[in-house]
Amino acid sequence: MSVENVQIIFDEPTAVFTPGQTISGRVSIVISNSSLNIKYIQLKFLGEASVSWYERRNEVRYRSRRGRRSFNRYFTSKEDYFKNIKNKFFLVGAEKGKSQLEVGEYVYPFNFSLPHEIPSTFKGEYGEVFYTAKVKINVPLRMIIEKKTTFEVISPVHLNEEPSLAEPKTALKEKFYCCFLCKSGPMTLIAYIPYSGFIPGQSIPVTVELDNNSNVYVKSIEIKLDRTLEYKALWPSGNITHEHSNIVSVFINGVEKYKSKTCLKQLQIPNEIMVEAHVNIPHLNEVASIKIKLGSTPLTIGSNDSEFD
């Protein structure tokens, strides 16, 4: 075979870029043994997103004796982030051209400017956002040789552009417990954070206060760091599904009947803070949750914003 090696080499060795940045690099092609007749060599950049999942549905069939039929319904959607810009370049030849490459190494430099409004690279259970550079060598009457290389895009999230993220957040839940004909006083669970915008690596101060004025013993208090991803499909009709995952859980000792407790815990990199009070069966647990946002630029906040009122 004449084409021995094809490489896409970025000048940025990490192959990590930001929206609006110009990607530069080179395509290296090694021809060995004999010369090669080609139609063209093309470099194309792809930025795409796709989601897909199945849902089990039941359908009532009035004319059937079976009455009801179960089936899987497929939801999907795709987006192309480079469709409105030039993302295809001919390094050699053209659609109707013809060229000959002699034995040796060929290097073709390239530059490609990313659009400003594109999302970060992502991969989840039901979808992904991915970016690819692809070289295609069209050999007439023989084959098409392709080489793909992925690169990553990180879209900055500037937390200071959302002033509400610098404000304290509090979640309060109150519950009364009943045992036969008796009703006890309330159990009040409060979760507090001084602000709700963070960057990776930061510690998140979570203050928890539990006033247990009930006759139910609280076995433990759990602070959970949860992440919820939302996927939206446009075909066959708009539909949404979610992916839930727990980042980490921290447990605090429980609270006796008619007692109170306040404590502060430092947590890291969640998408949602959830505080749950665990009680004895058959009573249901009490949950207080606060949503937060992760960004790339830390918040600028005053020194008194961490007070718990």
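Asn239 sits in strand 18, which spans residues 239–255; strands here are DSSP runs of E with at least two residues, numbered from the N terminus. Keep in mind that this is a predicted model, where local features need pLDDT of at least 70, side-chain atom pairs count only at pLDDT 80 or more, and totals for chains, interfaces and linings use all residues. Residues are numbered from 1 along each chain as its sequence is written, and side-chain values use heavy atoms, with hydrogens and water left out.

With a relative accessible area of 19%, Asn239 counts as buried (buried is under 20%, exposed over 50%, partly exposed in between, using a 1.4 Å probe and protein chains only). Its side chain makes a polar contact with the side chain of Glu55 at 2.9 Å; such a contact is a pair of N or O atoms within 3.5 Å, where within protein one must be able to donate a hydrogen and the other to accept it, and residues adjacent in sequence count only if both atoms are side-chain atoms. Leaving aside neighbours within four places in sequence, Asn239 is also in contact (heavy atoms within 4.5 Å) with residues including Trp53, Arg57 and Phe75.

Now hop over to Asn212, in strand 16 (residues 203–212). Asn212 is buried, at 0% relative accessible area. A polar atom of its side chain lies 3.5 Å from the backbone oxygen of Val255.

Pro109, in strand 9 (residues 104–113), is exposed, at 65% relative accessibility. Its C-alpha is 7.5 Å from that of Ser24, 85 residues apart along the chain.

Conventions:
Helix = DSSP H or I, 4+ residues; strand = E, 2+ residues; numbered from the N terminus.
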